[in-house]
Amino acid sequence: MSTATALARPVLWIRATDSEEEVRLEGPRFVVGRDPASDVVLPRETVSKVHALFVLIEGVYHVRDAGSTNGTKVNGKDASDWVRVRAGDEVAFGPSAPWVVVSCPASRSTAALDPTVRQSEAPPLVTVWSTTGEDGALRVQGPSGPVDLRPPATRFKLLFVLADAASRAGEPDDAWIEDDLLRARIWTRLGARDRSAQALNVLLSYTRRLLEDAGLPGTVLEKERGRTRLALPPDQVRVVDGEPPREG
């Protein structure tokens, strides 16, 4: 998939917190509701037939309740008017368990608000924020603008470990990590000691899809002969100890 193809249309990923189900939505407008014709179908009595709307406004997604019986909330706050959604936000449709925003386009002006980026330099292709190395946020500079991601724990850990190695490498060839070590770093702290090579391959496949939707070719996650790397020059990867800036 080419970079241009990946961002031909904006993409929003959301994940259910009660089932880990993920939904990939592509385009400028989506309907959430109980009606089978909805873009996201929630077959629950507490969800109205047309419950909420997601709309792309000035390049970023916003959500609003569509006059439902039980309301829509973003991070616990009422969304009776348009509310911008960001990676990591929780959106609840009625009293059921919320959905988490995994990936969405970021504001065009985000880089100017990032204190880690000097205004005289272009931002790197990939920026990772984390205080623990176990969870955090990413920003990918795609051809249509920045895209923010809050991946599930295993996908974030994979990207954090590979990005950290790439940012420290003298050359991209120095960024390879042996798969045995990579699996141990991803899963041991997350409560699973033994994960197979196949589990890593599946994780790489899901993560490549997220990066492609953000505007990077999936091939930047490169694997060969029992080792894996993020195939980007060191100056195109930044790892920041802290939380990402949140513009208004």
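Author: Hi! Contact here means heavy atoms within 4.5 Å. Among contacts in the chain between residues at least 6 apart in sequence, 52% join residues at least 24 apart.

Reader: Thanks! What kind of model is it?

Author: A predicted one, where local features need pLDDT of at least 70 and side-chain atom pairs pLDDT 80 or more, while totals for chains, interfaces and linings use all residues. Residues are numbered from 1 along each chain as its sequence is written, and side-chain values use heavy atoms, leaving out hydrogens and water.

Reader: How many helices and strands does the chain have?

Author: Four helices and 18 strands. They are DSSP runs (helices: H or I, at least four residues; strands: E, at least two), numbered from the N terminus.

Reader: And what percentage of the residues is buried?

Author: Of the 248 residues, 50% count as buried, meaning under 20% relative accessible area with a 1.4 Å probe, protein chains only.

Reader: How do strand 1 and strand 2 run?

Author: Antiparallel: five bridges join strand 1 (residues 11-16) to strand 2. Strands pair if DSSP finds at least two bridges between them. Trp13 stands opposite Arg24 in strand 2. Five residues lie between the strands of this hairpin, where Glu20 has a positive phi near 65°.

Reader: Which residues of strand 2 are on its covered face?

Author: Val23 and Leu25, while Glu22, Arg24 and Glu26 make up the uncovered face.

Reader: New topic! What is the order of strands in the open sheet of three?

Author: The order is 15-17-16, with antiparallel pairing. Strand 15 (177-178) and strand 16 (221-224) are at the edges with a single partner strand each, so one side of each has no neighbour in the sheet. Two bridges connect strand 15 with strand 17 (residues 227-230), and Glu178 has Arg227 of strand 17 as its bridge partner.

Reader: Which helix touches strand 15, strand 16 and strand 17?

Author: Helix 2 does, packing on the sheet with its direction at about 75° to that of strand 17. Helix 4 (residues 197-214) lies across strand 16 and strand 17, at about 150° to strand 16. Such angles run from 0 to 180 degrees between N-to-C directions of axes, lines fitted to C-alpha atoms (for helices, over the stretch in contact).

Reader: What about the axes of helix 2 and helix 3?

Author: The axes of helix 2 (residues 153-168) and helix 3 (residues 179-187) come within 9 Å and cross at roughly 130°.
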